[in-house]
Amino acid sequence: MYKVFFNESLLTFCNQSRKEAKNVLFQNESQFDEAFHLLSSKSSTDVNIYSDKIDEVWSKFLKYYKLIQAAGGIVRNTNDDFLFIFRLGKWDLPKGKMEKGETKEESAIREIEEECSITGLKLERFLMPTYHIYFLEEYIIKETFWFEVAYNGTERPIPQTEEGIEAVEWKSKDEIPHLLKNSYPNIKLLTEYYLDLL
């Protein structure tokens, strides 16, 4: 199953119908627009496009709208604390748009360094991609590649205020469920997946 978040709503791509969702059997690409019309009109907050060839449908979806790729990470220090940023009134994780010629890995490190002003980061493993879509004159899909990142330095993180980041803070594992109540669905999905791995 593929999951795409649109504000607080969810669009899934699955090889079968889902009982809790408004289901759309895929026949042509105009149904992508139909799905987002349903989500934006709030007539449904959970829409599922299904087909027995769902991987092909997913490939078509990624080509149908403008795709922007980004990368970031869940940063963990030697005290087993996790680095969160506070931006636009919500708790988030450091990430940003990939630059031309960059690998996912290079982009993740650069963005964390820029947004949090810490260096000496080490990528541990790739975790997962997340997807969300937003409207800016057209629908844009943002595909973000997430990594587990280790930090064993002592620098005090400083928020990149020109990017709208108000705070950068180390948080304990016990604090994370509270933070996720004021975060984004894709950050919640990623963080819960990661914590299950620990």
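The largest cavity holds about 40 Å³ of space. Here a cavity is a set of points on a 1 Å grid over the protein atoms alone where a 1.4 Å probe fits but cannot get out; grid points are joined across faces, edges and corners, and a volume is the space filled by probe spheres set on the points. The structure has one cavity of 30 Å³ or more.

Lining residues are those with an atom within 4 Å of a point, and for the largest cavity they are Ile74, Phe82, Phe84, Leu93, Ile176, Thr191, Tyr194 and Leu195. Seven of the lining residues are nonpolar, one is polar and none is charged. (Ala, Val, Leu, Ile, Met, Phe, Trp, Tyr, Cys and Pro count as nonpolar, Asp, Glu, Lys and Arg as charged, and the others, Gly among them, as polar.) Helix α5 gives the most to this lining, three residues, and β6 and α5 each supply at least two.

## The model and its confidence

You are looking at a predicted model, in which local features need pLDDT of at least 70 and side-chain atom pairs count only at pLDDT 80 or more, while totals for chains, interfaces and linings use all residues. Residues are numbered from 1 along each chain as its sequence is written, and side-chain values use heavy atoms, with hydrogens and water left out.

The predictor's confidence in each residue, pLDDT, runs from 0 to 100. Its mean over the protein chain is 95, with 100% of residues at 70 or more. Confidence is lowest in helix α1 (residues 30-40), at a mean of 91, and highest in strand β6 (residues 81-87), at 98.

## Overall fold

The protein chain has five helices and 11 strands, taken as DSSP runs numbered from the N terminus (H or I, at least four residues, for helices; E, at least two, for strands). Its radius of gyration is 18 Å, close to the 16 Å that the globule rule gives for 198 residues, so the chain is as compact as a globular protein of that length. That radius is taken over C-alpha atoms, and the rule is 2.2 Å times the number of residues to the power 0.38.

## The largest pocket

Now for the open space: the largest pocket holds about 570 Å³. A pocket is an open set of points with protein on both sides within 12 Å along at least five of seven lines. Its lining has 25 residues, and Asp92, Lys95, His132, Tyr134 and Lys142 lie nearest the centre. By class, 10 are nonpolar, five polar and 10 charged. Strand β9 gives the largest share of the lining, four residues.
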